[in-house]
Amino acid sequence: MDIPLRHKETKRQKTNLYFRKKIGWLFVIISIIAITIFNFYPMVQAFLLSFQSGMGGNLEYVGLANWKRLFGDPTFIAALTNTSIFLLIQVPLMIVLALFLSVLLNDPTLKFKSFFRIAIFLPCVTSLVAYSVIFKYLFGVDGLINQFLVKFGFATQAINFLADPFWAKVVIIVAITWRWTGYNMIFYLSALQNVDKSIYEAARIDGANAIQQFFQITVPMLKPIILFTSITSTIGTLQIFDEVVNITNGGPGNSTISISQYIYNLSFEYTPDFGYASTVSYVIVILVVILSIIQFRVAGERK
């Protein structure tokens, strides 16, 4: 009697395992279908559209004409240059600042840590449009920044930040850094809290000062998180749109126009040219792939 019962239990377990696998695959297949329809299919269609030109449904195949047009398009070159400047200045600045703040806020002796953490993190949950408009008014001719500079003698007269190509870029960089530094800081802070405190204690006993501990312990331990935040920040900056549109609208001239804003203008502001807009959008894809590979190589993460 014992053997048949065991046989039935084994058979029941196999049946349950079989159904669990089926249910698991069902969830996976649903996700794959959704990702394919809403992500991969539009990507493929956009790539095919980059070889076409025309308005609405009146599209015709033009081969590599759109891609050749990129190299002679002054507005695209301006957008690419501006986006590259934002990327090369803002991302390293934000990563270093986030890392520095995370180390400070991980200090067990610091009082009101929760308040400071929340205060620094809050900007990244604010509305993109709302905070962009606030920055536009802060750096306006009659804005708070100019009032402060003139009152305390840092400037003899109000500076028209948004009408100057250099200062307009600075305002954009400051705005992005203010918003996203706290977001990256949370990743570093979470990782630091999982680092064994005895490592730092042993380093102090061996005579390592705070700077040596930072570069010899903290940075190597956070290497995977730094790589992750660098890649995500790079992708985000390459796609910058809201800040540029709402603070400077790409001006003065095209001195702050970004690639994403140019794509929008090609699609909705100028005479609609979805084929060329798709071509420009794939420039972002190419840049993301190239920069991600470079960052992996520099970090030594080849797997």
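## Basis of the report

Residues are numbered from 1 along each chain as its sequence is written, and side-chain values use heavy atoms, with hydrogens and water left out. Because the model is predicted, local features need pLDDT of at least 70 and side-chain atom pairs count only at pLDDT 80 or more, whereas totals for chains, interfaces and linings use all residues.

H3 and H7 pack at an angle of about 40°, and their axes are 7 Å apart. Helices are DSSP runs (H or I, at least four residues) numbered from the N terminus. Axes are lines fitted to C-alpha atoms, for helices over the stretch in contact, and angles run from 0 to 180 degrees between N-to-C directions. H3 is therefore oblique to H7; angles under 35 degrees count as roughly parallel, over 145 as roughly antiparallel, 65 to 115 as roughly perpendicular and the rest as oblique. H3 passes H7 in a right-handed crossing, meaning that the near helix is turned clockwise from the far one by less than a right angle. The contact of H3 with H7 has 20 nonpolar, six polar and one charged residues. In this division, Ala, Val, Leu, Ile, Met, Phe, Trp, Tyr, Cys and Pro count as nonpolar, Asp, Glu, Lys and Arg as charged, and the others, Gly among them, as polar.

Helix H5 (residues 128–138) packs against H7 at an angle of about 135°, with the axes 11 Å apart. This makes H5 oblique to H7, and the crossing of H5 and H7 is right-handed. Leu128, Tyr131 and Phe135 of H5 make the contact with Val174, Ala175, Ile176, Trp178 and Arg179 of H7, where contact means heavy atoms within 4.5 Å. The residues of this contact of H5 with H7 divide into seven nonpolar, no polar and one charged.

## Helix H4 against H7

The axes of helix H4 (residues 113–121) and helix H7 (residues 165–192) come within 8 Å and cross at roughly 135°. H4 and H7 are therefore oblique to each other. On the H4 side, Arg117, Ile120 and Phe121 meet Gly182, Tyr183, Met185, Ile186 and Leu189 in H7. The contact of H4 with H7 comprises six nonpolar, one polar and one charged residues.

## The largest pocket

The lining of the largest pocket has 16 residues, of which Val103, Asn106, Asp107, Tyr200 and Gln213 lie nearest its centre. A pocket is an open set of points on a 1 Å grid over the protein atoms alone, where a 1.4 Å probe fits, with protein on both sides within 12 Å along at least five of seven lines; lining residues have an atom within 4 Å of a point.

Helix H3 (74–105), helix H8 (197–205) and helix H9 (210–221) each supply at least two residues of this lining. The largest share, five residues, comes from H9. By class, the lining has nine nonpolar, three polar and four charged residues.

## Backbone features in loops

Gly251 and Pro252 are joined by a cis peptide bond, with omega about -5°. Pro252 lies in the loop between helix H11 (242–248) and helix H12 (259–269).

Phe112 lies in the loop between H3 and H4. Phi of Phe112 is near 60°, a positive value in a residue other than glycine.
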